[in-house]
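Take a moment to look over the chain, then work through each task with its solution.

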Amino acid sequence: MSTTPVRPPRSRGARSRTRRRTTLATAAALALLAPLGAASSTAQTSPTPTDQNPSGPTQTVATETVTTQTGYSPSEGIPAGEVLAFDFGCAGDPVAEGSLEVTASTLYDVDAGFGLSAPAACRDRGAPDDVRRNFVLAGGEQFQVDLPDGEYHVTVISGDQIASNNTQLTVQGEDQGSLHPRGSGEFAEHSVYTTVEDGSLVLEVFSDGRINGVEVSQVAPPAGLHTDEVSIQPPSVTLSWEPTEGAVEYTLYRSDAGAGEYESVGTTEAVSLTDEAVELGYSYDYVVTQTSAAGVESGHSEAHTVAVVDLAVEAPAAPQDLRLDRANPRGTSISWTGDDAAWEYHVYRSLNADRGFERVAETTGTSYTAQGASEVNHYYTVLAVNAGGISEQPEPLLTPVTARGSNGNPFEECSVDGADATVLRNGDTWRAMNGGETVHQSYAMVDAMQAAVDSLSEGRTDQESVVVRGSGTMPADAAVDLPSHTSFSVCGTIHVAGNESNFSYEEHVGVVRIRHAEDVSVPFLSVTGNPNFGVYLRTSSDVHFGQMDLQLSGGHGMRIDSRDDDSVREARNITIDDVYVSGTESHGVETYGVDGLTVGTVTAVDTGYAGLLLNDTVNADIERVVGDGAAAGTGYATFRTANRNGQIDGEYPTNIRVGELIADGGGRGFFCVSESGGVEIEKLEIRDTGSNAMLIENCHNITLATDQGVVEGPGDIRISARSEFANTSDITFQNLLLRDTAINESPCGENIVTENLTLENSELNLCE
């Protein structure tokens with residue numbers, strides 16, 4: 001079932017939310033909420049804060065302690081479904097109908113139940129309406145409203161008819177950021193859900209501190225959500241809930257059980273709804289919200305789980321022996337052993353073995369083929385389904401990249417045919433052979449591999465090859481050293497065991513190690529376990545890596561550098577066809593001091609730090625970078641450039657080209673820092689990052705999404721700079737869809753360009 005997830009509003013905490021519509025209290029409540037009068041005051045002179053634009057009517061304000069008798073009662077709160085509205089301005093200004101007046105001298109008073117923490121200044125621009133024409137300037141001050149404890153929806157209106165506005169807001173101590181839009185003649189309407197737990201709602205404004213109006217309403221989520229009926233044929237679920245005072249309609253939301261991504265089932269004025277878009281055998285979580293007459297939707301109710309199953313039928317067993325049958329550019333085929341009790345099988349696919357599976361097919365058979373070439377590694381899993389439910393999930397199957405394979409699984413092309421030397425496993429013994437002669441035999445896999453390499457012709461000027469056939473284990477403190485003119489392939493998997501220490505850059509130990517060499521290739525390499533480096537290369541040239549599969553439980557994936565001398569870039573002409581790297585403690589793939597880098601696809605899953613990190617590297621052509629959970633909880637990114645990366649003779653010509661960047665979850669999506677630049681990314685998709693979606697700091701000449709791109713929050717796009725480096729410059733964002741995010745520029749960069757952007761619940765906070 002393919003759906004577009006929609007999150008319902010949360011019921012606790014101050015959270016931004018798009019405002020549905022602005023509707024003040026109904027006529028019956030207007031009389032209740034309208035101000036009835038004010039008591040006497042004690043006056044004293046008040047300082048006037050600096051105004052961005054001092055033109056327009058101005059009043060000198062005196063302190064006034066107000067004891068206002070109104071229909072609003074702090075102890076009784078706000079009638080269900082109605083709005084308590086405040087209109088801020090100068091004394092004597094028109095007050096919006098149905099609003100309580102807050103002048104610049106209306107100080108908080110316990111009897112009145114609301115007011116400012118200190119006297120302020122005010123302005124009246126005369127337009128556009130009674131709420132927006134005037135405001136108070138209360139920068140650094142609080143506005144307090146006494147209310148019974150509960151959940152509230154708050155909208156703050158801020159703007160100026162004749163001046164730009166930079167007002168920052170906190171609600172109940174939670175930072176809401178700068179209110180936008182903020183241009184001259186524009187008015188922000190910022191809405192949040194928040195909780196009152198101590199009898200008071202407190203808003204605080206900073207910077208310009210303009211407040212035109214505040215609206216508060218209490219909309220409690222419905223209670224008592226329960227199942228009325230579950231139908232098996234055809235599948236459907238009917239749910240009901242208790243009526244909520246003040247509600248004019250209800251919205252029911254559904255999520256796959258435990259997923260937490262809700263979509264709307266429908267809206268109704270009744271207290272019951274039937275969901276017919278469910279599937280037999282599956283379980284779902286439901287929540288319901290209510291919308292008041294003022295157009296405010298509540299937070300969600302307590303979740304209720306429903307299983308669409310026949311309790312008289314036993315769920316099928318999990319599919320067994322999930323296997324790869326074929327993988328080539330024409331398609332990827334998998335099969336499994338089924339259960340006779342299954343009605344059908346649902347096939348799921350993900351980049352990550354632990355999360356993010358998406359259903360791609362339903363079948364009554366026990367095989368599935370994904371047509372066409374695969375640009376990235378995928379995990380597949382299969383669930384068996386019948387009326388009794390769904391099976392347990394079997395262990396996922398990892399399938400290879402096939403876009404470059406000519407026939408079959410790329411690793412199936414790994415063959416000992418034509419090899420100059422071979423390493424073969426016979427039981428617990430490893431034998432290295434060259435020219436039909438045994439050159440080494442022992443229980444140590446690494447010793448046999450090194451012996452085979454050492455058996456190649458001494459002083460050779462043309463490449464000779466070693467092929468390892470079989471899987472085995474090697475210790476973390478050992479490495480296979482590859483000299484010049486060597487090809488080394490592993491038709492199996494090397495497991496690295498015995499490394500209990502943390503990763504260290506100082507320990508130059510890798511499963512494969514290439515130092516001060518040229519004309520080296522590693523067509524096939526599969527590594528598991530906890531190496532210090534899966535691959536370590538230093539100051540070498542004309543090196544080709546083919547299919548790299550690094551499913552690690554620590555360490556660092558691939559490190560390519562020339563750090564014998566940081567003044568030169570002597571790692572040259574490095575090629576990587578495809579690398580899948582997961583589970584590292586450090587980076588997935590990292591370069592430092594490279595001139596000439598060609599990469600097909602880097603797929604980084606749950607890497608501890610960056611998926612692909614380029615340091616001090618120039619002339620790079622990268623087809624695709626894919627990150628799933630890369631750099632989670634850190635400041636790194638799926639793709640990061642740093643330490644003068646892309647800088648050539650002090651300039652930043654475009655020389656780092658990326659065809660496609662995909663980042664799902666994890667840390668940042670793209671991070672450029674420390675005098676780097678010269679980057680062009682053709683396509684990008686960045687979603688759900690735990691930090692910034694993108695951070696560009698002290699970087700130059702970067703063009704993002706020359707073809708197309710999507711950036712989805714909550715992470716923002718940040719343009720920044722540190723004082724020790726030259727300011728960020730020449731950054732272009734184009735052809736981007738921004739959803740639930742923002743581009744924030746601080747401090748101001750130089751020549752920041754935006755072209756053809758589409759905003760969905762997103763903001764551009766750029767310097768003018």
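**Exercise 1.** How many bridges join strand 54 to strand 56, and in which sense do the two run?

*Solution.* Before starting, note that this is a predicted model, in which local features need pLDDT of at least 70, side-chain atom pairs count only at pLDDT 80 or more, and totals for chains, interfaces and linings use all residues. Residues are numbered from 1 along each chain as its sequence is written, and side-chain values use heavy atoms, with hydrogens and water left out.

Step 1: settle the terms. Strands (E, at least two residues) and helices (H or I, at least four) are DSSP runs, numbered from the N terminus. Two strands pair if DSSP finds at least two bridges between them.

Step 2: read off the pairing. Strand 54 and strand 56 (residues 694–697) are joined by 3 bridges and run parallel. Here F670 stands opposite M694 in strand 56.

Step 3: look at another partner. Strand 52 (residues 637–642) pairs with strand 54 over 4 bridges, also in the parallel sense. In this pairing A637 stands opposite R668 of strand 54.

**Exercise 2.** Find the disulfides and describe each one: which cysteines are joined, and what is the handedness?

*Solution.* Step 1: use the rule. A disulfide is a pair of cysteine sulfur atoms within 2.5 Å. By this rule the count is 3 disulfides.

Step 1: take C90 and C122. Their sulfur atoms are 2.1 Å apart, and with 120 degrees about the S-S bond the link is right-handed. C90 lies in the loop between strand 5 (83–89) and strand 6 (99–103) and C122 in strand 9 (residues 121–124), so the pair ties together parts that are 32 residues apart in sequence. Both C90 and C122 are buried.

Step 2: return to strand 54. C672 is joined to C699, S to S 2.2 Å. The torsion about the S-S bond of C672 and C699 is about -105 degrees, so this disulfide is left-handed. The pair links distant parts of the chain, with C672 in strand 54 (residues 668–672) and C699 in strand 57 (residues 699–712), 27 residues apart. Both C672 and C699 are buried.

Step 3: finish with C748 and C767. Their S to S distance is 2.0 Å, and the link is left-handed, with -90 degrees about the S-S bond. C748 is partly exposed at 42% relative accessibility, and C767 is partly exposed at 29%.

Terms used
Buried < 20%, exposed > 50% of the residue type's maximum accessible area, 1.4 Å probe, protein only.
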